[in-house]
Amino acid sequence: MNTTNETAGRQGMGNSGARSQTTDHLATKMHETVDRVAETARNAEQHIRSRVADLGDHARETEERALRTLESNWQKARSYVQDNPLMSAGIAFATGVILSSLLTRR
């Protein structure tokens, strides 16, 4: 004959097993979620690092191109001044007059 305490004890054990199973299931799902999030973060980091490297390469190329253009224009200006010294002096004088008149006006 089952007493009330024995029945309650068996039911408690049954609930304990179900709780353990539920806990194990939730823990497994949580680990899977954490693993998916970690993989997504890893992929995002790799993508960002790749883009940063590409942008760094592009910036270096742009800098080199700008320096070459600057050097070319500097050489053209020097050549013009050497080939046309009077014209260059007149341009420099006119530029000075214009700048001084602009800067002294207030």
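Does Ser88 count as buried or exposed? Select Ser88, which lies in helix α2: at 13% relative accessibility, Ser88 counts as buried, where buried means under 20% relative accessible area, exposed over 50% and partly exposed in between, with a 1.4 Å probe and protein chains only. This is a predicted model, in which local features need pLDDT of at least 70 and side-chain atom pairs count only at pLDDT 80 or more, while totals for chains, interfaces and linings use all residues. Residues are numbered from 1 along each chain as its sequence is written, and side-chain values use heavy atoms, with hydrogens and water left out.

Staying on Ser88, show Asn84 as well, whose backbone oxygen is reached by the Ser88 side chain at 2.8 Å. Leaving aside neighbours within four places in sequence, Ser88 is in contact (heavy atoms within 4.5 Å) with Tyr80 and Val81.

Next, select Tyr80, Val81, Met87 and Ile91, which form a nonpolar patch on the surface with about 370 Å² of accessible area together. Helices α1 (4–83) and α2 (85–104) are the elements that give two or more residues to this patch. Ile91, in helix α2, is partly exposed, with a relative accessible area of 43%.

Finally, colour the model by pLDDT, the predictor's confidence in each residue from 0 to 100: the mean for the protein is 88, and 85% of its residues reach 70 or more. Over residues 5–13, however, the pLDDT is below 50, and this stretch has three contacts in the model beyond near neighbours in sequence.

How values were computed
Patch = residues over 30% accessible without salt bridge, like charges linked within 9 Å, V, L, I, M, F, W, Y side chains within 5 Å. Areas by Shrake-Rupley, 256 points an atom, 1.4 Å probe, with all protein chains shown as cover. Salt bridge = Lys/Arg side-chain N within 4 Å of Asp/Glu carboxyl O. Helix = DSSP H or I, 4+ residues; strand = E, 2+ residues; numbered from the N terminus. Polar contact = N/O pair within 3.5 Å; in protein donor to acceptor, adjacent residues only side chain to side chain.
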